[in-house]
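Here's a quick walk through a few spots in this fold. Have the sequence and the model open as you read.

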Amino acid sequence: MVFTVVAVVGSWLHRVRLDATEAPPTLIYFGGRGRAEAIRFVLGLAGVSFNEVTVRTREHFLQLLADGVAPFGQLPVLVDGTLTLSNSMACARHVARKYGLYGGGSLEDSARIDMLADTAIDFYNAGMLGFPFNKDGDKVTDSCEKYLPKFEAVLAPQVAAQNLCLVGRSVSYADAILLMNVLSALEHDVNVLDKCPAIQAWLSAMRVVPKMAAFLMSDRRHPPATDTYVREVKVSLGRPL
């Protein structure tokens with residue numbers, strides 16, 4: 001699996017659309033995990049090569065708005081052929097539908113996968129998303145104490161039946177988003193899964209799914225946020241430092 005980074009500004013969107021049948025998806029965001037990381041993980045599980053446009057300045061962000069690239073004035077944005085999407089979960093679900101990451105595909109399974117994916121994002125938003133900005137480790141701890149037991153309860157019968165995924169017998173985009181959370185939680189506390197044997201078994205299996213393993217080894221798995229990333233986000237959005 002090959003990942004390509006691009007650094008383009010101005011009218012890049014028009015150039016992407018002219019070659020829409022060949023161009024890989026393009027993800028537009030700041031230079032870190034944030035709200036784009038869920039999309040990256042789902043693209044990784046799908047084994048999809050994608051470009052990234054990294055926003056680091058106020059001028060670049062305002063140019064994207066002027067060009068109509070961010071339809072609701074927010075990032076991340078995913079451009080896939082002639083389709084431009086904002087909202088991280090809308091983007092993640094588009095990738096999941098396009099590349100068959102909805103488990104068995106039944107209406108019931110799809111609904112459960114959406115429910116678990118949204119819950120995994122709630123988990124992320126409750127603590128880990130804001131941590132680079134507020135440095136509030138208690139929120140991260142509280143979110144882990146709230147959500148990990150819930151996912152342990154979901155995975156326990158699955159693991160007992162030797163189904164190492166959240167729903168049915170096939171990994172889905174919900175597994176990718178939960179994996180993002182669990183790996184981030186382990187960065188904060190290496191012992192966070194001590195009371196979660198089912199999650200531990202699931203995690204061991206997810207780490208060796210070939211496409212996921214390739215993604216985790218690639219430069220698309222962004223490192224924890226730095227002060228530089230925090231500054232660039234604030235500057236780009238016109239927020240006080």
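## A loop residue with positive phi

Gln162 sits in the loop between α7 (137-160) and α8 (173-188). Keep in mind that this is a predicted model. Gln162 isn't a glycine, yet its phi is positive, at about 65°. Its relative accessible area is 70%, so Gln162 counts as exposed.

## Another one, and a cis proline

Asn87 is also a non-glycine residue with a positive phi, here about 80°. You'll find Asn87 in the loop between β4 (83-86) and α4. With 40% relative accessibility, Asn87 is classed as partly exposed.

For the cis peptide bond, look between Leu75 and Pro76, where omega is about 10°. Pro76 belongs to the loop between α3 (58-66) and β3 (77-80).

## Strands β1 and β2

Strand β1 (residues 26-30) pairs with β2 in the parallel sense, over five bridges. One of the pairings is Thr26 with its bridge partner Asn51 in β2. Together with α2, these two strands form a right-handed β-α-β unit.

Strand β2 (residues 51-55) has four of its five residues buried, so the rest of the structure largely encloses it.

## How α2 meets α4

Helix α2 (residues 37-46) packs with helix α4 (residues 88-98) at an angle of about 5°, and their axes are 9 Å apart. The two helices are therefore roughly parallel to each other. On the α2 side, Ile39, Val42, Leu43 and Ala46 make the contact, while α4 brings Ser88, Cys91, Ala92, Val95 and Ala96. Sorted by type, the contact residues of α2 and α4 come to eight nonpolar, one polar and no charged.

Key:
Residues are numbered from 1 along each chain as its sequence is written. This is a predicted model: local features need pLDDT of at least 70, side-chain atom pairs count only at pLDDT 80 or more; totals for chains, interfaces and linings use all residues. Side-chain values use heavy atoms; hydrogens and water are left out. Axes are lines fitted to C-alpha atoms, for helices over the stretch in contact, and angles run from 0 to 180 degrees between N-to-C directions. Angles under 35 degrees count as roughly parallel, over 145 as roughly antiparallel, 65 to 115 as roughly perpendicular and the rest as oblique. Contact means heavy atoms within 4.5 Å. Ala, Val, Leu, Ile, Met, Phe, Trp, Tyr, Cys and Pro count as nonpolar, Asp, Glu, Lys and Arg as charged, and the others, Gly among them, as polar. Buried means under 20% relative accessible area, exposed over 50%, partly exposed in between (1.4 Å probe, protein chains only). Two strands pair if DSSP finds at least two bridges between them. A crossover is right-handed if, with the strands pointing away from the viewer, the path from the first strand over the helix to the second runs clockwise.
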